[in-house]
Amino acid sequence: MPEKKIIAVVGATGAQGGGLVRAILEDPSGEFTARAITRDPNSDKAKALAKLGAEVVKGDVDDPESLKKAFEGAYGAFCVTFFWNHYSPERETENAKTQAEATKAAGVKHVIWSTLEDTRKHVPLDDNRMPTIGGNYKVPHFDAKGQADEFFKDVPATLLLTTFFWDNFIHFGSGPARGEDGNLYLTFPLADKKMAGIASEDIGRAALGIFKRPDLIGKTVGVAGEHLTGEQMAKGISKAIGQPVTYRAVEPDAYRALGFPGAEDLGNMFQYYRDFENHFGQTRDVDFARSVNPKLLSFDQWLDKYGNQIRVP
């Protein structure tokens with residue numbers, strides 16, 4: 001039998017990387033084997049991956065030498081950054097550069113870079129439709145990734161455009177909240193526009209499908225599980241939790257003023273989704289996502305699987 005190709009996965013204990021590791025280990029074709037890269041190989045999540053059959057190695061996006069070593073001998077590498085751990089777009093861009101250079105040094109044959117658009121190409125810094133953040137960004141966690149795309153031009157990479165994770169309704173505080181009137185509301189500054197969404201595990205499964213497609217090297221592709229309005233999402237969540245949830249459309253300024261960490265960034269992000277709905281519909285292709293991931297979940301299917309984890313205040 002031919003030797004299995006190694007896929008080295010950055011962020012293996014996170015949502016995207018963990019989804020890819022599990023997808024590799026569950027793949028009946030057995031074409032690849034998973035090398036899970038994590039800062040702490042002794043964490044419970046890392047030990048769980050090892051128990052499933054992954055090779056767990058230490059690697060840190062802030063430590064270039066550790067990444068070069070972790071990528072050695074790998075056919076493929078999945079690269080991702082962690083904005084919400086530190087809220088620094090500059091650090092995120094630097095971490096992306098470190099990963100790109102490490103894959104090049106290791107001679108990796110196929111890299112997937114999990115990225116987003118540089119929104120400043122659509123909304124320049126001097127455009128007052130949305131506020132500038134930190135002097136240099138419109139949507140920092142988008143712009144830093146989009147800016148870092150440049151680093152992956154010198155490696156055999158597929159740029160993978162991701163989008164809003166439905167898992168945010170469980171883990172990121174984006175789920176329904178109870179209003180002063182006692183009713184549940186799903187609040188986004190999306191007006192009546194559709195937003196591309198996806199299950200985080202489907203990012204990993206799509207990445208596996210892309211690694212099986214060397215013809216996608218040098219291309220930018222985007223994935224989504226479904227494109228939905230706020231009302232459609234609220235209706236689905238209502239059914240899943242057994243309580244009525246009303247979609248409340250607010251203006252981006254109101255969302256930016258909510259005051260939680262990252263509120264300005266996310267307010268701009270949702271405004272970007274709203275104002276550039278057509279762009280998102282064209283770049284996050286459900287049919288393409290299903291072609292590389294036949295198990296792709298719709299929103300209702302995701303709710304059937306995970307809706308009972310949505311916390312109801």
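Modeller: Start with a definition: two strands pair if DSSP finds at least two bridges between them. The model is predicted, so read every value as computed from it.

Biologist: What makes strand 10 and strand 12 a pair?

Modeller: Strand 10 (residues 195-198) and strand 12 (residues 226-228) share 3 bridges. The cut-off is at least two bridges, so they pair. The sense is antiparallel. Ala196 stands opposite His227 of strand 12.

Biologist: How many bridges join strand 7 and strand 10, and in which sense?

Modeller: Strand 7 (residues 164-165) and strand 10 have 2 bridges, in the parallel sense. At least two are required, so this pair also counts. The bridge partner of Phe165 is Ile198 in strand 10.

Biologist: Which way do the residues of strand 10 point?

Modeller: Met195 and Gly197 point one way, Ala196 and Ile198 the other. In a regular strand, side chains alternate between the two faces of the sheet. All four residues named are buried.

Biologist: Turn to strand 1. How do you know that strand 1 is mostly covered?

Modeller: Count its residues. Strand 1 (residues 5-9) has 4 of its 5 residues buried. Buried means under 20% relative accessible area.

Biologist: Which sense describes the pairing of strand 1 and strand 2, and over how many bridges?

Modeller: Strand 1 and strand 2 (residues 32-38) pair in the parallel sense over 5 bridges. Lys5 has Phe32 as its bridge partner in strand 2. The chain goes from strand 1 through helix 1 (residues 15-26) to strand 2, and this β-α-β crossover is right-handed. The test is to point the strands away from the viewer: a clockwise path over the helix is right-handed.

Biologist: How many bridges join strand 1 to strand 4?

Modeller: There are 3, and strand 1 and strand 4 (residues 76-79) run parallel. Ala8 is bridged to Ala77 in strand 4.

Biologist: How many residues of helix 11 are buried?

Modeller: The count is 11 of 13, so helix 11 is mostly covered by the under-20% cut-off. Among them are Asp265, Asn268, Gln271 and Arg274.

Biologist: Why is Ser66 called buried?

Modeller: Its relative accessible area is 15%. The cut-off is under 20%, so Ser66 qualifies as buried. Ser66 lies in helix 3 (residues 64-71). Leaving aside neighbours within four places in sequence, Ser66 contacts Lys58, Gly59 and Asp60. Ser66 and Phe188 are 122 residues apart in sequence and 40 Å apart in space, C-alpha to C-alpha.

Biologist: What makes the phi of Tyr87 worth a remark?

Modeller: Its phi is positive, about 60 degrees, although Tyr87 is not a glycine. Most residues other than glycine have a negative phi. Tyr87 sits in the loop between helix 4 (83-86) and helix 5 (89-106). Its relative accessible area is 39%; buried is under 20% and exposed over 50%, so Tyr87 is partly exposed.

Biologist: Now the whole chain. How many helices and strands are there?

Modeller: The protein chain has 14 helices and 13 strands.

Biologist: Why is the protein chain called as compact as a globular protein of its length?

Modeller: Its radius of gyration is 19 Å. The globule rule gives 20 Å for 313 residues; the values are close, so the description holds. Of the 313 residues, 55% count as buried. Among contacts with a separation of 6 or more, 76% come from residues 24 or more positions apart.

Terms used:
Residues numbered from 1 in each chain as written. Predicted model: local features only at pLDDT ≥ 70, side-chain atom pairs only at ≥ 80, totals over all residues. Heavy atoms only, no water. Buried < 20%, exposed > 50% of the residue type's maximum accessible area, 1.4 Å probe, protein only. Rg over C-alpha atoms; globule rule 2.2 N^0.38 Å. Contact = heavy atoms within 4.5 Å.
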